[in-house]
Amino acid sequence: MKGRTKIPLFIVTTILILVLISFGQQRYPAAALGLIREGYSWVVRIAEAPLDFVSGIWENYIYLINARQENAALRAKVSALEVRIMALGEARGENDRLRAMLRFKRAYPDLPLVPAEVLGQDISLVFKTLVLDKGSIDGFYRDMPIIKPGGIVGRVIAVTPHTAQVLLITDVNSAVPAVIESSRVKGIVKGRGDGNLSLEYVKSDENVKMGDLVVSSGLGGIFPRGITIGTVRSIRRPSHKMFAEILLKPGVEIGQIEEVFGIGRDVAYIR
């Protein structure tokens with residue numbers, strides 16, 4: 001666009017040069033020639049001003065278009081990187097969980113542990129259960145203890161060839177014979193349905209402290225002895241009651257279970 005506008009300016013310039021030559025032959029004063037040159041410079045400025053303005057708008061427009069396209073490309077790259085970071089974070093979390101599972105299995109070499117993954121979780125008002133991706137063909141059976149690093153998860157209440165349903169330890173229908181590790185005070189851990197546990201049938205005068213670790217006692221024939229259940233969160237000793245009211249925090253974060261172990265049949269429950 002700007003190149004085509006040079007033609008009229010060339011014509012104007014040629015005419016002015018001829019006029020200057022003519023004036024030179026007639027020996028006009030230098031002042032007159034100066035005025036002519038000054039006028040020529042203003043003609044050029046006036047002629048080029050609209051063209052520069054239009055050219056500037058065009059160049060700015062092209063620049064904005066390019067900048068917009070570049071910004072869109074950068075945003076796409078940022079989104080792709082964010083997805084990649086999330087995927088890497090998920091992979092890192094999975095690796096950490098699997099390493100913890102491996103360490104747990106090595107820590108209990110006497111337990112026949114069978115790994116499984118969680119397919120789904122039912123936390124309805126009726127039951128608190130998990131569905132696992134292993135069933136009877138994998139050695140899972142009714143009342144099979146389900147554990148993971150951190151402690152007891154629950155027990156199998158129904159099994160098919162390829163799946164198993166687990167009643168969570170926090171369900172109100174769950175009961176696990178337990179013992180306070182430090183004082184050896186025995187009781188029954190029951191689910192409360194709200195994510196917490198209660199240690200029941202412990203007399204008010206028994207030696208129980210905040211933070212005490214509660215483990216499975218091995219009684220009842222389901223859970224092996226010494227598996228973590230939880231820690232004492234609160235204690236109340238009502239004067240009009242024989243038993244203390246003890247709440248436990250589960251050793252396992254029930255809402256974040258993804259991988260578990262089932263304990264095979266060949267296990268010594270009381271050692």
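Is Glu200 buried, partly exposed or exposed? With a relative accessible area of 27%, Glu200 is partly exposed (buried is under 20%, exposed over 50%, and partly exposed lies in between, with a 1.4 Å probe and protein chains only). Here are some notes to read beside the model.

1. **Ground rules.** This is a predicted model, in which local features need pLDDT of at least 70, side-chain atom pairs count only at pLDDT 80 or more, and totals for chains, interfaces and linings use all residues. Residues are numbered from 1 along each chain as its sequence is written, and side-chain values use heavy atoms, with hydrogens and water left out.

2. **Overall layout.** The chain holds two helices and twelve strands (DSSP runs numbered from the N terminus, with helices being H or I of at least four residues and strands E of at least two). In sequence order the pattern reads α-α-β-β-β-β-β-β-β-β-β-β-β-β. Of the 271 residues, 30% are buried. Among contacts with a separation of 6 or more, 57% are between residues 24 or more positions apart (a contact means heavy atoms within 4.5 Å). The chain exposes about 16700 Å², and carbon and sulfur atoms supply 60% of that area (Shrake-Rupley method with a 1.4 Å probe; for residues, only the protein chains shown count as cover).

3. A search of the whole structure gives six salt bridges (a side-chain nitrogen of Lys or Arg within 4 Å of a carboxyl oxygen of Asp or Glu). Side chains of opposite charge can pair when their charged atoms come close. One of the bridges joins Lys190 to Glu200, with the closest N and O atoms 3.8 Å apart. This pair links distant parts of the chain, since Lys190 sits in strand β7 (residues 186–191) and Glu200 in strand β8 (residues 197–200), ten residues apart. Lys190 is partly exposed, at 26% relative accessibility.

4. **Asp143.** This residue deserves a look on two counts. Asp143 meets Arg155 in a salt bridge, at 2.8 Å from N to O. Arg155 belongs to strand β4 (residues 151–159) and Asp143 to the loop between β2 (128–132) and β3 (145–148), so the bridge ties together parts that are twelve residues apart in sequence. Asp143 also has a phi near 70°, a positive value in a residue other than glycine. Its relative accessible area is 30%, which makes Asp143 partly exposed.

5. **Arg184.** Here is another backbone angle to check: Arg184 has a positive phi of about 65° although it is not a glycine. Arg184 is placed in the loop between β6 (175–180) and β7. At 39% relative accessible area, Arg184 is partly exposed.

6. **The network around Glu245.** Glu245 and Lys241 form a salt bridge through their side chains, with 2.8 Å between N and O. Salt bridges that share partners join Arg236, Lys241 and Glu245 into one network. Glu245 is partly exposed at 26% relative accessible area, and Lys241 is partly exposed at 39%.

7. **A nonpolar patch.** Tyr201, Met242 and Phe243 make a nonpolar surface patch of about 320 Å² (patch residues have over 30% relative accessible area and no salt bridge; like charges are joined within 9 Å, and nonpolar side chains, meaning Val, Leu, Ile, Met, Phe, Trp and Tyr, within 5 Å). Met242 lies in the loop between β10 (228–236) and β11 (245–250). Its relative accessible area is 56%, so Met242 is exposed.

8. **The largest pocket.** The largest pocket has a volume of about 220 Å³. It is lined by 16 residues, of which Thr170, Gly195, Glu253, Ile254 and Gly255 are the closest to its centre. β1 (113–123) and β11 are the elements that give two or more residues to the lining. A pocket is an open set of points on a 1 Å grid over the protein atoms alone where a 1.4 Å probe fits, with protein on both sides within 12 Å along at least five of seven lines; lining residues have an atom within 4 Å of a point. Grid points are joined across faces, edges and corners, and the volume is the space filled by probe spheres set on the points.

9. **Phe261 and Ile146.** Phe261 is part of strand β12 (residues 259–263) and is buried, with a relative accessible area of 4%. The C-alpha atoms of Phe261 and Ile146 are separated by 5.7 Å, while the two residues are 115 residues apart along the chain.
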